[in-house]
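Colleague: Before I use any labels from this model, I would like to go through how they were assigned. Please set each value against its definition.

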Amino acid sequence: MIADLRDHPRFLPRLVDAFFAEWPQWCTRVGRPVVERIFVAGDPLPVVLVAFDGETLLGTVALRPWFAEERMDETPWVRQLLVLPPFRGRGVDRALIAAITERARDLGFGHLYAATNRIERLLARRGWEVFERVERDGEKFAWMRRRIAQAAAELNA
């Protein structure tokens with residue numbers, strides 16, 4: 001099942017722990033309270049979704065207004081995509097992206113944006129295109145975008 005984290009807050013501690021396991025340098029640098037805050041939903045953004053099976057957390061994804069905290073023309077950004085290691089390769093990432101795409105469409109957005117330094121090729125195979133390369137905090141990122149109309153057509157195919 002995929003649902004809003006605000007409706008399933010019991011998963012928050014596990015999400016924070018999963019982020020510390022996946023991105024220890026960043027999480028340790030910013031601290032637990034900051035990591036917890038990235039999971040706070042807003043109205044209409046950010047949206048934070050969780051994938052789960054009963055009490056088992058599978059993964060998460062968020063739709064945020066910007067890449068970081070500063071305002072930008074490009075919006076919204078798919079962020080915080082994480083599938084917990086035991087559940088990778090089972091389509092959880094696709095289900096999360098489909099759910100967040102549907103939410104963005106419902107909110108009236110025409111494009112989705114994402115930044116990656118790890119899964120550029122995977123996103124490109126799924127129809128995302130690089131529109132800029134940037135360096136942030138000493139890390140190089142590909143900033144990518146995807147038209148939601150294109151995503152909807154592929155999801156229904």
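Colleague: Leaving aside neighbours within four places in sequence, which residues is Asp93 in contact with?

Modeller: Asp93 is in contact with Val83, Leu122 and Arg126, where contact means heavy atoms within 4.5 Å. This is a predicted model, in which local features need pLDDT of at least 70 and side-chain atom pairs count only at pLDDT 80 or more, whereas totals for chains, interfaces and linings use all residues. Residues are numbered from 1 along each chain as its sequence is written, and side-chain values use heavy atoms, with hydrogens and water left out.

Colleague: Why does Asp93 count as buried?

Modeller: Buried means under 20% relative accessible area, exposed means over 50%, and partly exposed is in between, with a 1.4 Å probe and protein chains only. Asp93 has 18% relative accessibility, so Asp93 counts as buried. The residue lies in helix 4, residues 92–106.

Colleague: What makes a stretch a helix or a strand, and how many of each does the chain have?

Modeller: Both are DSSP runs numbered from the N terminus: helices are H or I with at least four residues, and strands are E with at least two. On that basis the chain has 6 helices and 7 strands. Along the sequence, their order is β-α-α-α-β-β-β-α-β-α-β-β-α.

Colleague: How do you know whether the radius of gyration agrees with that of a compact globule?

Modeller: The radius is taken over C-alpha atoms, and the globule rule is 2.2 Å times the number of residues to the power 0.38. For 157 residues a compact globule would be near 15 Å, and the chain has 15 Å, so the value agrees. Along the principal axes, the C-alpha atoms fill a box of roughly 35 × 35 × 30 Å.

Colleague: What share of the residues is buried, and what share of the contacts is between residues 24 or more positions apart?

Modeller: Of the 157 residues, 44% count as buried. Among contacts with a separation of 6 or more, residues 24 or more positions apart account for 54%.

Colleague: Which residues of helix 1 are buried, and what puts them on the same side?

Modeller: In helix 1, residues 12–22, the buried ones are Leu15, Val16, Ala18, Phe19 and Glu22. They cover an arc of only 160° around the axis, which puts them on the same side of helix 1; the arc is that of the directions from the helix axis to the C-beta atoms. An α-helix has 3.6 residues a turn, so residues three or four places apart point the same way. The cover over these buried residues includes helix 2 (24–30), helix 3 (32–37), strand 2 (47–53), strand 3 (56–64) and strand 4 (77–83).

Colleague: Where is Arg118, and which residues does Arg118 touch, not counting those up to four places away in sequence?

Modeller: Arg118 is in the loop between strand 5 and helix 5. Arg118 touches Glu22 and Trp23.

Colleague: What makes Ile119 partly exposed?

Modeller: The value is 31% relative accessibility, so Ile119 counts as partly exposed. Ile119 is in the loop between strand 5 (111–116) and helix 5 (120–125). Ile119 and Ala142 are 23 residues apart in sequence and 9.3 Å apart in space, C-alpha to C-alpha.

Colleague: Why is Pro24 called partly exposed?

Modeller: Pro24 has a relative accessible area of 42%, and is therefore partly exposed. Pro24 lies in helix 2.

Colleague: What is the phi of Gln80, and is Gln80 buried or exposed?

Modeller: Gln80 has a positive phi of about 60° although it is not a glycine. At 11% relative accessibility, Gln80 counts as buried. Its place is in strand 4.

Colleague: Which form, cis or trans, do the peptide bonds from Asp43 to Pro44 and from Leu45 to Pro46 have?

Modeller: The bond from Asp43 to Pro44 is cis, with omega near 10°. The bond from Leu45 to Pro46 is cis, with omega near 0°. Pro44 is in the loop between helix 3 and strand 2, and Pro46 is found in the loop between helix 3 and strand 2.
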